[in-house]
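Biologist: I've got a model open on my screen and I'd like to learn how to read it. Could you walk me through it?

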Amino acid sequence: MFDREEIVPLHEGEFRLIRDLIRDHCGIFFDDGSRFLLERRLSKD
């Protein structure tokens with residue numbers, strides 16, 4: 001009935017690239033412990 005939210009894990013290089021892009025563009029820094037947070041925010045709803 002309901003689709004299960006699918007979280008696609010980011011590879012280390014992908015995480016660092018996206019993290020650095022967000023830092024450079026928005027000034028927000030995500031440390032290594034925030035990887036899961038970024039994965040959830042980038043996943044399909």
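Predicted model: local features only at pLDDT ≥ 70, side-chain atom pairs only at ≥ 80, totals over all residues.

Biologist: What does the secondary structure of the chain come to?

Modeller: Two helices and zero strands. Helix 1 has 15 residues, and from its first C-alpha to its last it reaches 21 Å, close to the 21 Å expected at 1.5 Å a residue. Just after helix 1 comes Gly 27, with a positive phi of about 80 degrees.

Biologist: How do I describe two helices that pack together?

Modeller: Two packed helices are described by the angle between their axes and by the distance between those axes. Here, helix 1 (residues 12-26) packs with helix 2 (residues 35-42) at an angle of about 80 degrees, and their axes are 11 Å apart.

Biologist: Is that roughly parallel or roughly perpendicular?

Modeller: Angles of 65 to 115 degrees count as roughly perpendicular, so helix 1 and helix 2 are roughly perpendicular to each other.

Biologist: Which residues meet where helix 1 packs with helix 2?

Modeller: From helix 1 you have Glu 12, Phe 15, Ile 18 and Ile 22, and they meet Arg 35, Leu 38 and Leu 42 of helix 2. Sorted by type, the residues of this contact are five nonpolar, no polar and two charged.

Biologist: Now the loop. Is Ser 34 buried or exposed?

Modeller: Ser 34 sits in the loop between helix 1 and helix 2. Buried means under 20% relative accessible area, so Ser 34, at 17%, counts as buried.

Biologist: Let's go to the segment before helix 1. Which residues is Glu 6 in contact with, leaving aside its neighbours within four places in sequence?

Modeller: Ser 43 and Lys 44. Glu 6 belongs to the segment before helix 1, while Ser 43 lies in the segment after helix 2. Another pair to check is Glu 6 and Arg 40: they are 34 residues apart along the chain, and their C-alpha atoms are separated by 8.8 Å.

Biologist: How do Glu 6 and Ser 43 come out for accessibility?

Modeller: Glu 6 is exposed, with a relative accessible area of 56%. Ser 43 counts as buried, at 13% relative accessibility. Ser 43 also pairs up with Val 8: the two are 35 residues apart in sequence and 6.6 Å apart in space, C-alpha to C-alpha.

Biologist: Zooming out, what share of the chain is buried?

Modeller: Buried residues make up 18% of the 45 residues. As for the surface, the chain exposes about 4,100 Å², and carbon and sulfur atoms supply 55% of that area.

Technical notes. Residues numbered from 1 in each chain as written. Heavy atoms only, no water. Axes fitted to C-alpha atoms, helices over the stretch in contact; angles between N-to-C directions. Helix = DSSP H or I, 4+ residues; strand = E, 2+ residues; numbered from the N terminus. Parallel < 35°, antiparallel > 145°, perpendicular 65-115°, else oblique. Contact = heavy atoms within 4.5 Å. Nonpolar A, V, L, I, M, F, W, Y, C, P; charged D, E, K, R; others polar. Expected span 1.5 Å × (residues − 1). Buried < 20%, exposed > 50% of the residue type's maximum accessible area, 1.4 Å probe, protein only. Areas by Shrake-Rupley, 256 points an atom, 1.4 Å probe, with all protein chains shown as cover.
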